[in-house]
Amino acid sequence: MPASLSHKPYRVGRSRTGLGLFATKPIKKGTKIIRYFGPLLDSKKKDEDAIENKYLFELTNRWTIDGSIRENVARYINHACRPNAESDVKPRKRKVFIRAIKDIEPGDEINYDYGTDYFKAYLKPIGCKCDACEKKRKKKRAEARAERLRLKEKAERKARREAEKLAEQRAKARAKKTNGAKANGKANGKLNGTQLNGHSLVKAAGKKAAAPKRGAARVLQA
């Protein structure tokens with residue numbers, strides 16, 4: 001048989017979503033922590049079936065607990081996708097108890113799964129803020145940051161490679177230009193040396209000196 005607490009091992013306190021119910025003493029797995037109670041609403045009565053609030057706990061197709069009354073401290077228990085408690089529904093007795101499904105330590109927030117319908121209607125539109133979902137969001141944010149960093153580093157590496165490639169192309173162009181200028185200088189030097197070297201000057205002087213000799217010969221013959 002699950003243990004039942006005769007005292008109150010919980011307190012209302014500030015939670016991530018507003019107010020929540022927190023353990024003040026160790027609560028063992030299987031312990032009935034608190035009863036969820038309030039006026040019973042009959043769906044066959046139009047005025048009662050028309051009542052709408054986020055504290056309605058459906059027992060059967062006909063009967064629903066309106067847990068919005070202030071005395072129902074269990075209404076402060078928040079939803080969790082990975083809870084430490086659960087709702088123990090007893091339709092015939094028209095009662096609901098919140099029972100621990102894990103050992104709960106002092107200071108831990110008590111929570112249970114509200115169910116798929118409630119989650120879709122109230123929590124999904126604004127985003128579930130339970131610890132499990134917060135961890136998922138933090139993990140996704142961390143993964144997104146890591147992916148952005150990876151893409152940034154990839155872009156920087158690409159930019160560096162392109163800059164290095166451009167610098168290499170420019171260096172090659174400068175080297176080619178410098179080598180071309182040197183080649184032109186050498187060609188010009190060789191050309192000038194052929195026209196003005198000592199051998200050419202001797203030939204030119206020899207030709208000029210030979211002309212008077214032929215003239216002298218003609219005078220002697222005459």
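Student: How much space lies in the largest pocket?

Tutor: About 1,300 Å³. Keep in mind that this is a predicted model.

Student: What makes a residue part of the lining of the largest pocket?

Tutor: An atom within 4 Å of a pocket point. By that rule 49 residues line the largest pocket. Lys54, His79, Tyr114, Tyr118 and Leu123 lie nearest its centre.

Student: Which helix supplies the largest share of the lining?

Tutor: H2, with six residues. Among the other elements that supply at least two residues each are helix H1 (46–49), helix H3 (131–196) and strand S10 (109–112).

Student: How do the lining residues divide into nonpolar, polar and charged?

Tutor: The lining has 22 nonpolar, twelve polar and 15 charged residues. Tyr counts as nonpolar and Lys as charged.

Student: Why is a set of residues called a nonpolar core?

Tutor: Because its members are buried nonpolar residues joined through side-chain atoms within 4.5 Å. The largest such core has 20 residues. Ile33, Ile34, Ile77 and Ile110 have the most contacts inside it. Strands S2 (18–23), S3 (32–36), S6 (63–66), S9 (95–100) and S10 each supply at least two of its residues.

Student: What is isoleucine 110 in contact with, beyond its neighbours within four places in sequence?

Tutor: Its partners include Leu21, Phe22, Ile33, Ile77 and Ile104. Asn78 and Asn84 are also in contact with isoleucine 110.

Student: What is the mean pLDDT of the protein chain?

Tutor: The mean is 84, and 81% of residues reach 70 or more. Over residues 1–5 the pLDDT is below 50.

Methods:
Residues numbered from 1 in each chain as written. Predicted model: local features only at pLDDT ≥ 70, side-chain atom pairs only at ≥ 80, totals over all residues. Heavy atoms only, no water. 1 Å grid on protein atoms, 1.4 Å probe; cavity = no way out; pocket = protein on both sides within 12 Å on 5 of 7 lines; lining within 4 Å. Points joined across faces, edges and corners; volume = space filled by probe spheres on them. Helix = DSSP H or I, 4+ residues; strand = E, 2+ residues; numbered from the N terminus. Buried < 20%, exposed > 50% of the residue type's maximum accessible area, 1.4 Å probe, protein only. Contact = heavy atoms within 4.5 Å. pLDDT = per-residue confidence, 0-100.
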